[in-house]
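Have a look at the sequence and fold first.

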Amino acid sequence: MIRTAFVVLALGVVTIVAGLPLLLYAALTGSIGPLYRAGVGSVLWITRAAGLRTRVEGLENIPARPCLFAANHTSNADPPAIVGAIPRPIAVLAKKSLFAIPIVGAAFRMSHYVPVDRGHAESAVASIALAAEKMKKGVSFLIYPEGTRSRDGRLLPFRRGAFALAIQAGAPVVPVACSGAHRVLAKNSYRIRPGEIVVRFCPAIDASEYSLDRRGELAERVHTAVAAALPADQQPADVASALDR
């Protein structure tokens, strides 16, 4: 719990001391680069100081053009590991409630993050369309298509809706397999344990080959790629059962 307290306190201090001036700078100049780099760099330093290590594999699989990174989600330790591993600025489709957080919400908006209201289908569709327009202008996005964190680390089914983003933008999808994060910080737990998180980028999948009514097929293809890149104890339960037979 000492590690958890350190992370919370350090994030609060950095947000106030560095976040406010950089937010003002971004608002005055229109340049979000310093704000983004400081935000990601600070989170990475804080998590490393708390004992979290990240090993990155498959960077050669990331296309040079804007793309959609689709990752599994087991822990609140996933985002800093994955965002820190992606070698370019990215935006995220994030819960609408996060944008109400002081300073953080404003930084999200300036960084092209798009709020999603999961409780309203029409609003969610509009968010996807907005993100697609941003992708066409050069912004890469990160999504967590499971829609929630896995309790035991095993990969859950993917929701197909978010993949409409890649199809509308005609962008490649990079499957991302993140392993080990649930052992560092379990779901619904505040206790951080030292450990290694592995972020593995899989070969990109061309979403331009799919129409919107085939987004379910694209979701399944990405799901299969992520599952294959995860260790046995994080593969979907049905796959694990089949391998044990």
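The search turns up 1 cavity of 30 Å³ or more, and the largest cavity has a volume of about 60 Å³. A cavity here is a set of points, on a 1 Å grid over the protein atoms alone, where a 1.4 Å probe fits but cannot get out, and lining residues have an atom within 4 Å of a point. Grid points are joined across faces, edges and corners, and the volume is the space filled by probe spheres set on the points.

Bear in mind that this is a predicted model: local features need pLDDT of at least 70, side-chain atom pairs count only at pLDDT 80 or more, and totals for chains, interfaces and linings use all residues. Residues are numbered from 1 along each chain as its sequence is written, and side-chain values use heavy atoms, with hydrogens and water left out.

**Around the cavity**

- The lining of the largest cavity is made up of L44, T47, R48, L52, T54, A77, P80, A81 and I197.
- Two or more lining residues come from each of α2 (33-49), β1 (52-57) and α3 (78-85); helices (H or I, at least four residues) and strands (E, at least two) are DSSP runs, numbered from the N terminus.
- The top contributor to this lining is α2, with 3 residues.
- By class, the lining has 6 nonpolar, 2 polar and 1 charged residues. Ala, Val, Leu, Ile, Met, Phe, Trp, Tyr, Cys and Pro count as nonpolar, Asp, Glu, Lys and Arg as charged, and the others, Gly among them, as polar.

**On the surface**

- L9, V13, I16, V17 and L20 make a nonpolar surface patch of about 480 Å². Patch members have over 30% relative accessible area and no salt bridge, with nonpolar side chains (Val, Leu, Ile, Met, Phe, Trp, Tyr) joined within 5 Å and like charges within 9 Å. Areas come from the Shrake-Rupley method with a 1.4 Å probe, and for residues only the protein chains shown count as cover.
- L20 sits in helix α1 (residues 2-29) and is partly exposed, at 43% relative accessibility. The cut-offs are under 20% relative accessible area for buried and over 50% for exposed, with partly exposed in between (1.4 Å probe, protein chains only).
- D238 belongs to helix α9 (residues 237-244) and counts as exposed because its relative accessibility is 56%. Its C-alpha atom is 21 Å from that of K187, 51 residues apart along the chain.

**Salt bridges**

- The whole structure holds 7 salt bridges, each a side-chain nitrogen of Lys or Arg within 4 Å of a carboxyl oxygen of Asp or Glu.
- K136 pairs with E133, with the closest N and O atoms 3.5 Å apart. The two are 3 residues apart in helix α5 (residues 121-136), so about one helical turn separates them. K136 is exposed at 52%, while E133 is partly exposed at 41%.
- D233 and R183 meet at 3.0 Å, N to O. D233 is in the loop between α8 (215-229) and α9 and R183 is in helix α7 (residues 181-184), so this pair ties together parts that are 50 residues apart in sequence. D233 is partly exposed at 35%, and R183 is partly exposed at 45%.
- R221 bridges to E209, the closest N and O atoms being 3.9 Å apart. This pair links distant parts of the chain, with R221 in helix α8 and E209 in the loop between β8 (205-206) and α8, 12 residues apart.

How values were computed. On a 1 Å grid over the protein atoms alone, a cavity is a set of points where a 1.4 Å probe fits but cannot get out, and a pocket is an open set with protein on both sides within 12 Å along at least five of seven lines; lining residues have an atom within 4 Å of a point.
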